[in-house]
Amino acid sequence: MGSTPTSTTQAFDKARAESRSALVGYLPAGFPSVEGSITALRAMVEAGCDVIEIGLPYSDPVMDGPTIQAAAQQALERGVRTADVLRVVEAVAETGVPTLVMTYWNPIERYGVERWASDLAKAGGAGMITPDITPDHGSAWIDAADAHDLDKVFLVAPSSTDDRIAMTAAESRGFVYAAAVMGVTGARDASSDLAGPLVGRVRASGDIPVAVGIGVSNGDQAADVAAYADGVIVGSAFVRCLLDHADDEAAGLEALRALTTDLAEGVRRGAR
Amino acid sequence: MSQQTTQPVKYDADERGYFGQTWGGRFMPEALVAALDELTDAWQDAMADPAFVSEFERVLRDYAGTPSRLYHAERLSRTVGARVLLKREDLNHTGAHKIRNVMGQALLTKRMGKTRVIAETGAGQHGVASATAAAYFDLDCTVYMGAVDTRRQALNVARMQLLGAKVVPVESGSATLKDAINEAMRDWVASVDRTAYLFGTAAGPHPFPSMVRDFCRGIGDEARQQCLDQYGVLPDAVAACVGGGSNAIGLFTAFLEDEGVEIHGFEPGGDGVETGRHAATIHAGEAGVLHGARTYVLQDEDGQTVESHSISAGLDYPGVGPQHSWLAALGRATYTPVTDAQAMEAMALLSRTEGIIPAIETAHAVYGALDVARRLGAEKGPDATVIINLSGRGDKDMGTAIEWFGLGDADGEAEPVVATAPGEEA
């Protein structure tokens, strides 16, 4: 292995050049096992994910719905450690796809913010998505990320004021994560009249790409979101593939590849 | 006076919710920031509005029964050789200090024009208080409660239901209080337009630690004035139990600037801190971020929250209010663990010597404070004065007491419960 790593910005630029959205895929590290998560994430890369988010399992995931909670809890019960997450990052980043860690804040503070940024960069990680810190309370992370040339992906929500969206877009690097429904992660009907206007408001404050997390679970939904967003984020649906085939790794991977292929076609159908 | 020219210590949070620039803050999803900003503005606006403040005082007086009495526990005082004063929050409506917090937050909810409240609860006390306030103010109420706790506390589930609240059992994580908080947060993210989150303690993201303290600080404001009126002196020490820390910060706040008054918080020591089965967050935890605030947290070396243990469900929480962390770091307050066995001993002692059955939470404060009273009595004589916040009554804990002491069988051969004061054990 060992392709030249692509930056997150380049991945979005490439998708934009092809007049399509980028497909951003999420799985927690250590689910169903550390090795299993590496195999699964690589399968998602091979089948068409443009950007990978690796979740760091945490005991108190306030923003996650039941599917991702269940996966993270299972990973923790099986003993996944923060250092294992870096191992997964390294194995996935080797494919050349930009690989970010999505994590709640306390495990990072505990690891040591500067040490984490240094080790994440060494592992080939592109940066980090931080669902429970906002830029105005995230100076420690911003400083460390800047020092190690890492992406800082902050979230915006339909409830965000225009001022906060401008502040968040200005402090983010890589992309802005638009959590486009008011609620936790999880597959849903993926239609929200809040998503389009939210993306528009982020666009009005700069040209950083905007990826939307809205509970997409199939290619048609991906196409709908791709019509207005630079990236389509899929998490719970991937986790569901593995949960539904907990006793059959091959079947789980097959489902994961099929879903990725469907989604990758979807982001190309929603051409803008 | 000291000759040092140091700045006066600032005990309050800054406008971003940080105590001492480190503790507290707001480590929260962006989706809730607008709601927290709205709440902060509404709270500050309300506290500056004499009409709101007087309505809050009226509701507490007419409905909740405040000011609670400051009672001189004479038999107990003789036992320890110092004057022991009990702030009788156990006599408030619903039997604890918690009514102050929920009536304040619910009154604010009405002022903000929201129609629904949610709350988390461990043993059910905050849930019952929230359901009570919701009934009083005609608000819809949903209470999140760990599934383990709904099974252990069926009586409180029934009370909440009778009061008109919906109780939702939470199966995720360890299915206890911290998971109920997570689930309430998840509800709030999805329902913030019309819903207020009545947080149960002086923890969580800004403005909750400061706002809950403001609604509870009547405890200390009253006690300080009552002590001056009744005895002409300030106390030598004040004491309270600390789980999340709302009753403690409610008592402590009035005394922070009285540098001569010792401030003591007593944390749940469970089976003993050395066993690892405890909830003594400040004593044995390390700085981290939990439920939106930087504070002491019981956590493992990867920053995963560790499950806490206490005989008292109301103290069984792996975090603590950030202002307590700041007061501990400053040395302005001292936090000491009290074990399950010591708390139960104090529960029996107070019952037998004063005819007051305290909540087991409260019994932690009683045990620890009597140690302090004994020391102060020896140093300063019998006029040494200690105020204990008697934060709640013990009716809800009779099941635990029956099991612990082997009570309830009138025909049995059980010996009466032996109650010894701290320091008097053989």
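Is B:D90 buried or exposed? In this predicted model, B:D90 comes out buried, at a relative accessible area of 4% (buried means under 20%, exposed over 50% and partly exposed in between, with a 1.4 Å probe and protein chains only). B:D90 sits in the loop between β4 (83-87) and α4 (98-111) of chain B; helices here are DSSP runs of H or I with at least four residues, strands are E runs of at least two, and both are numbered from the N terminus. The side chain of B:D90 makes a polar contact with that of B:R88, at 2.8 Å. A polar contact is a pair of N or O atoms within 3.5 Å; within protein, one must be able to donate a hydrogen and the other to accept it, and residues adjacent in sequence count only if both atoms are side-chain atoms. Setting aside neighbours within four places in sequence, B:D90 is in contact (heavy atoms within 4.5 Å) with B:G95, B:I356, B:L390, B:S391, B:G392 and B:R393.

A word on conventions: residues are numbered from 1 along each chain as its sequence is written, and chains are lettered from A and ligands numbered from 1 in the order in which they are written. Local features need pLDDT of at least 70, side-chain atom pairs count only at pLDDT 80 or more, totals for chains, interfaces and linings use all residues, and side-chain values use heavy atoms, with hydrogens and water left out.

On to the interface. Chain A puts in 35 residues and chain B 34, and together they bury about 3,000 Å², 44% of it on carbon and sulfur atoms; buried area is the accessible area (1.4 Å probe) that two parts lose on being put together, summed over both. Six salt bridges cross between chain A and chain B, a salt bridge being a side-chain nitrogen of Lys or Arg within 4 Å of a carboxyl oxygen of Asp or Glu. A:R81 pairs with B:D302 in a salt bridge, with the closest N and O atoms 2.5 Å apart. On the chain A side, the elements giving two or more residues are α3 (66-77), α5 (106-111) and β6 (155-156), and α5(A) gives the most, with four residues.

As for α3(A), its buried residues are A:T67, A:I68, A:Q69, A:A71, A:A72 and A:A75. These pack against β1 (22-28) and α11 (236-244) of chain A, together with α8 (177-191) of chain B. After α3(A) comes A:G79, with a positive phi near 95°.

Helix α10 (residues 219-226) of chain A is mostly covered, with six of its eight residues buried. Its buried residues pack against β8 (210-213), β9 (231-234) and α12 (249-269) of chain A. At the start of α10(A), a side-chain oxygen of A:N218 reaches to within 3.1 Å of the backbone nitrogen of A:D220. A:D220 also forms a salt bridge with A:R269, at 2.7 Å between the closest N and O atoms; this links α10 to α12 of chain A, 49 residues apart. A:D220 is exposed at 54% relative accessibility, while A:R269 is partly exposed at 46%.
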